[in-house]
Amino acid sequence: MASPSLTFPSLQLQFPTHTKSSKPSKHKLIVRPIFASVSEKPSVPVSQSQVTPPGPIRKIPGDYGLPFIGPIKDRLDYFYNQGREEFFRSRAQKHQSTVFRSNMPPGPFISSNSKVIVLLDGKSFPVLFDVSKVEKKDVFTGTFMPSTEFTGGFRVLSYLDPSEPDHTKLKRLLFFLLQSSRDRVIPEFHSCFSELSETLESELAAKGKASFADPNDQASFNFLARALYGTKPADTKLGTDGPGLITTWVVFQLSPILTLGLPKFIEEPLIHTFPLPAFLAKSSYQKLYDFFYDASTHVLDEGEKMGISREEACHNLLFATCFNSFGGMKIIFPTILKWVGRGGVKLHTQLAQEIRSVVKSNGGKVTMASMEQMPLMKSTVYEAFRIEPPVALQYGKAKQDLVIESHDSVFEVKEGEMLFGYQPFATKDPKIFERSEEFVPDRFVGEGEKLLKHVLWSNGPETENPTLGNKQCAGKDFVVLAARLFVVELFLRYDSFDIEVGTSVLGSAINLTSLKRASF
């Protein structure tokens with residue numbers, strides 16, 4: 001998913017602190033409570049920008065090429081000739097800089113201006129979170145914005161800058177959504193994960209391997225509907241169609257910045273040159289809208305009290321739940337499976353022992369408080385968010401002339417220039433993280449928790465919190481909770497598992513080749 005954040009509705013959670021650990025460590029365990037704030041005040045800016053340059057100014061290297069030709073050349077390199085990772089890596093090497101100028105897709109004829117200043121290191125990247133320095137208006141998907149016909153004619157929250165009046169009302173509504181449903185989250189996740197596991201086990205027994213994708217999509221959507229709205233999709237007209245309808249609707253919006261695996265001569269004119277028309281996804285969207293309108297009555301009532309029409313509120317709830325939340329789970333759960341699966345039996349055993357011992361000591365119940373006593377599990381989840389963040393692309397337009405710093409240079413940015421950050425490089429910055437390219441499950445245990453300020457998946461540091469005045473992911477704590485529950489449920493049920501890893505349009509494609517049921 002692109003840009004500011006996959007905006008999840010937020011749980012206002014306050015977790016009690018604990019120092020108990022089932023894993024011996026030479027480090028003192030630092031327990032950091034998770035909470036979300038609805039303060040009207042923005043969080044303290046994390047920008048590296050300064051009024052007085054801290055050193056000699058270096059001209060930003062790179063160029064945009066010839067008009068029309070340059071953007072298309074960069075687009076072809078990005079999607080086909082080099083691929084995304086090599087696109088950025090090769091240019092950083094060429095310019096000997098983690099800050100440089102380039103074009104970003106889609107370019108002609110979808111984007112009127114594809115010029116960006118690329119930020120690839122963990123020091124320059126945080127300027128994108130400082131809403132006093134950068135504008136977030138209509139940059140959620142980057143240098144283009146899908147038609148509002150995809151969202152009922154409304155600019156939904158993800159496209160609003162905090163300075164816009166509707167931003168505060170709509171973000172407050174998402175906070176309310178989770179506050180009103182917090183008691184359902186853990187039990188509904190358990191129910192939906194149990195259904196997912198049974199589906200995977202049956203397919204594995206029948207075919208020798210089980211694809212994680214479709215069962216995960218169904219379980220994730222069911223969980224969101226049941227936890228957030230108290231409604232089982234299977235008991236409504238929507239039935240089991242939700243995930244497929246969402247996928248159609250999302251792909252139509254994001255197609256200009258995706259590759260679907262088709263030959264270049266088909267993809268380029270079909271999805272990268274002109275946007276797909278919204279009317280082709282209208283019937284899919286209407287079915288989703290009808291479901292959410294019926295399921296969210298109490299939230300729509302609250303929205304009206306805030307001055308939000310029922311229609312606008314419903315379009316925003318749909319977007320937050322389907323595009324942001326469902327889209328995030330579609331990416332992060334396979335990511336966790338991939339990296340934990342590659343960790344092997346030793347890691348699996350450590351996680352199983354920690355999780356089961358804590359749950360047993362808490363009367364056999366999984367609670368938010370008990371999960372705070374699982375340092376390896378928590379660190380493993382954060383490490384998955386670090387090494388492969390679900391939001392790879394971040395954008396912001398300079399509100400004024402800025403000075404930004406990389407680790408070794410200082411640059412000037414002019415008002416109105418578009419800043420772009422590729423997060424997987426920023427969160428694998430070798431000047432911040434040792435063994436930055438490796439998945440280190442206990443990286444954030446003990447003193448390692450100090451590094452959480454460099455985990456940036458939520459459109460802000462993990463050590464900060466979403467407020468009504470910033471663009472940090474409204475449901476930062478909700479998605480962390482869901483990811484923790486995923487790992488906890490996995491190792492309460494299984495000792496170990498084996499996987500095959502492929503690629504998909506969004507993230508990793510996982511096949512499970514074995515599931516070893518819990519033996520202790």
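Student: Where is F109 found?

Tutor: Residues are numbered from 1 along each chain as its sequence is written, and side-chain values use heavy atoms, with hydrogens and water left out. This is a predicted model, in which local features need pLDDT of at least 70 and side-chain atom pairs count only at pLDDT 80 or more, while totals for chains, interfaces and linings use all residues. Helices (DSSP runs of H or I, at least four residues) and strands (runs of E, at least two) are numbered from the N terminus. On that numbering, F109 is found in the loop between β1 and β2.

Student: What is omega for the peptide bond from P108 to F109?

Tutor: Most peptide bonds are trans. The bond from P108 to F109 is cis, with omega near 0 degrees.

Student: Which residue is joined to P106 by a cis peptide bond?

Tutor: P106 is placed in the loop between β1 (99-103) and β2 (115-119). Omega of its cis bond is about 15 degrees. The residue joined to P106 by this bond is P105.

Student: What is the average pLDDT of the protein?

Tutor: pLDDT is the predictor's confidence in each residue, from 0 to 100. Over residues 1-51 the pLDDT is below 50. Of the residues in the protein, 90% score at least 70, and the average is 91.

Student: What share of the residues count as buried?

Tutor: Buried means under 20% relative accessible area, exposed means over 50%, and partly exposed lies in between (1.4 Å probe, protein chains only). The protein has 14 helices and 10 strands. Of its 520 residues, the share that count as buried is 60%.

Student: Is Q96 buried or exposed?

Tutor: Q96 is found in the loop between α2 (84-95) and β1. Its phi is positive, about 50 degrees, although Q96 is not a glycine. Its relative accessible area is 63%, so Q96 is exposed.

Student: What is the phi of F68?

Tutor: F68 is found in the segment before α1 and counts as partly exposed at 42% relative accessibility. Most residues other than glycine have a negative phi. F68 is not a glycine, yet its phi is positive, at about 70 degrees.

Student: How far apart in space are Y64 and D74, C-alpha to C-alpha?

Tutor: Y64 lies in the segment before α1 (69-81) and is buried, with a relative accessible area of 16%. Not counting residues up to four places away in sequence, Y64 touches residues including G70, P71, R101 and K115 (contact means heavy atoms within 4.5 Å). Y64 and D74 are 10 residues apart in sequence, and their separation in space is 8.7 Å.

Student: At what angle do α5 and α10 pack?

Tutor: Axes are lines fitted to C-alpha atoms, for helices over the stretch in contact, and angles run from 0 to 180 degrees between N-to-C directions. Angles under 35 degrees count as roughly parallel, over 145 as roughly antiparallel, 65 to 115 as roughly perpendicular and the rest as oblique. α5 and α10 are therefore oblique to each other. The axes of α5 (residues 213-229) and α10 (residues 310-361) are 10 Å apart, and the angle is about 135 degrees.

Student: How many nonpolar residues has the contact of α5 with α10?

Tutor: The contact is made by residues including F221, F223 and L224 of α5 and C322, F326 and M329 of α10. Ala, Val, Leu, Ile, Met, Phe, Trp, Tyr, Cys and Pro count as nonpolar, Asp, Glu, Lys and Arg as charged, and the others, Gly among them, as polar. The contact has 4 polar and 2 charged residues, and its nonpolar residues number 11.

Student: What separates the C-alpha atoms of F221 and M329?

Tutor: F221 lies in helix α5 and is buried, with a relative accessible area of 1%. Among the residues that F221 touches, leaving out those up to four places away in sequence, are C322 and F326. F221 and M329 are 108 residues apart along the chain, and their C-alpha atoms are separated by 9.0 Å.

Student: How far apart are the axes of α10 and α14?

Tutor: The two helices pack at an angle of about 55 degrees, which makes α10 oblique to α14. Residues in the contact include M329, F333 and L351 of α10 and F478, F486 and F491 of α14. By class, this contact has 18 nonpolar, 1 polar and 1 charged residues. The distance between the axes is 8 Å.
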